[in-house]
Structure formats: C-alpha cells, structure tokens
Amino acid sequence: MKNLNETDDPIAAPPPVLPEVELDEPTLEPELEARTNDGAPMRFACFVTGTDTEIGKTLVSSAILHKLTASGVRACGMKPVAAGAELRDGELHNDDADMLIAAGNVHLPASITTPYMLREPAAPHIAAALENVTIESAPIIAAFAEIQAASDAVVVEGVGGFRVPFNDNFDSADLAAQLNLPVILVVGMRLGCISHALLTVEAIVARGLVLAGWVANTADPDMSFEQENIEALAQRIPAPLLGRVPRLQTPTAAAAAEFIDLAGLPGWPSTRGKS
C-alpha cells in the first residue's frame, strides 16, 4: 500500500468553487438499505481508475467500501491485477489488495478477489511475463461474477492509470469496457494533473462508459494552486466532484471516507429514514 491519498449520458459538472466535504458516516440499519421495486436490495458497483499510479486509487476504493459497510451493505473489493506481491505465511500478499479486503465485509479467497497476483512491482504485462503468465479477461470476468453473486456492492480497483497494458492485445481500459461499470476517476492533485485527468476522461467516454464522478486526492501536499486546479477540472470534467481528500496523516479508509460523498450515485444505499 502506498501512503498516498491514491441513462448513459455524462452528468453535468458542478460549479467551479467547491467547498471541502465533511460528512458523517451513515449508520443505517439493514432495513433502510436502498431497495428495488420488488423489495430486493439495490446493488452498487463501480470501477475506480486514476490519472496515474500512486495517486490514491486504493485509498479512495477502500473509503467507498468503508461507507458501504457502515450502511449495512454486504460489500467486497476487487483488485483484478496486483503487481508487487510478497510471500507472507506461505501466501502471496499485496498491500493494495489487503487494504480492500480489510475495508469490505464480504471475504472471499484471494484467487477470486485478485485473480492475478504478481510478485514483481512493475507494469503488469512485464510482471506477468516474468512469471510466464498471460493476463486474460475471462478469469477476471468469472471472478467478478462470483463476487457480485456473494455481495450487494462491488468496488473494482484498476491498476496504474486507465490504459495500462496487460498483454499485447488487452489493457485495463479494455477490462473496464468489458465490466461496463460506472467509472470513478481519482485525480492525483500534483503538477500536470489537469492534462492527465482530461485525457483520461476522454478515454473513458470514448469507450462508451459512464463517468459517475471524480475525486480530487492530494498526492503532492506542496502543490501550488491546488484549489485553482480543482476549479479548472470541475469546469471541464462532465461529471460531479465526489470529494476532495487532503493529505492525511494516517491514510485509512475511515479517514478518507469523511471527505467523499457518493449519495447521488445509482444504487447507492438510501439514507432516508436516518435520524
């Protein structure tokens, strides 16, 4: 884990001047969960991507899971491909994958939540080649189906930026398109983030995916004009700003969850009836 605060029509962007988000964690009883017309629990799923590596994707993904579980929802995180695993007690572990496991409340075998656990901390296609492994979509899609069947909510975290190669003909953008989930973009606030974010947005929209929203995450605490950069992005990204996560002294899921609000997203647990 990196200690970094890492209808099909797009949604209109919010006004440019945006206050910091400070929310209380929901503490709903199960009977207050969002439900469909037939009484079944409403399902939530999203694909979390980022403008780069080490910009807070895992922190934001785990924060989303934290908010879901606090609402009484059966939630599970998925890191389909994780590069940089270590052998601990006879099992391979990856810090990002472990953080997602800790934030969720549905616990499945690591072979399902992370079908491709690779040792080398490198680009996935390189790490896979070193182990004579070919990363393919079929095992990931099958594992996602198993997670979805066992959960009411699934948060899938991508790897690196949006277009990271998995093999010669398959990358993380292809996976996002195949899963066809609403995308949440984590923008690492540091020099150069505006271009990185807007290019990523273009790539997401070009694949027919719904950009559900974006989160500004302080990757560089010494960044100049951070607020001005956020305002510029808010004017240009055709989706709502879901939160602004500052540099946290202790970057935990619970701490980051205080700064994001996903209440308007489809399938998000309802807060009606909360006192």
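**Sheet, cores and an aromatic pair in a predicted model**

Val 210 lies in the loop between α7 and β11 (211-218), helices (H or I, at least four residues) and strands (E, at least two) being DSSP runs numbered from the N terminus. The model is a predicted one, in which local features need pLDDT of at least 70 and side-chain atom pairs count only at pLDDT 80 or more, whereas totals for chains, interfaces and linings use all residues. Residues are numbered from 1 along each chain as its sequence is written, and side-chain values use heavy atoms, with hydrogens and water left out. With a relative accessible area of 22%, Val 210 is partly exposed, a class that falls between buried (under 20%) and exposed (over 50%), with a 1.4 Å probe and protein chains only. Although Val 210 and Cys 46 are 164 residues apart along the chain, their C-alpha atoms are separated by 10.0 Å.

The chain contains nine helices and 12 strands, and 49% of its 275 residues are buried. Six of the strands form an open sheet with parallel pairing, in the order β2-β7-β1-β10-β11-β12, where two strands pair if DSSP finds at least two bridges between them. Because β2 (75-78) and β12 (241-245) stand at the edges with a single partner strand each, one side of each is left without a neighbour in the sheet. Within this arrangement, β1 and β10 (residues 183-189) are joined in the parallel sense over four bridges, and Gly 50 has Val 186 as its bridge partner in β10.

The largest nonpolar core has 48 residues, and those touching the most other members are Ile 135, Val 156, Val 187, Met 189, Leu 211, Trp 214 and Leu 233; such a core is a set of buried Ala, Val, Leu, Ile, Met, Phe, Trp, Tyr and Cys residues joined through side-chain atoms within 4.5 Å. Helix α7 (residues 193-206) supplies the largest share of this core, five residues. A second, separate core of 33 residues includes Met 99, Val 215, Ala 253 and Leu 265.

Two aromatic pairs are present in the structure. One of them joins Phe 44 and Trp 268 edge-to-face, at 5.0 Å centre to centre and 85 degrees between the planes. Since Phe 44 lies in strand β1 (residues 44-50) and Trp 268 in the segment after α9 (253-257), the pair ties together parts that are 224 residues apart in sequence. Phe 44 is buried, with a relative accessible area of 4%, and Trp 268 likewise counts as buried, at 8%. Rings of Phe, Tyr and Trp (its six-membered ring) pair if their centres lie within 6.5 Å, with planes under 30 degrees apart counted as stacked, over 60 as edge-to-face and the rest as tilted.
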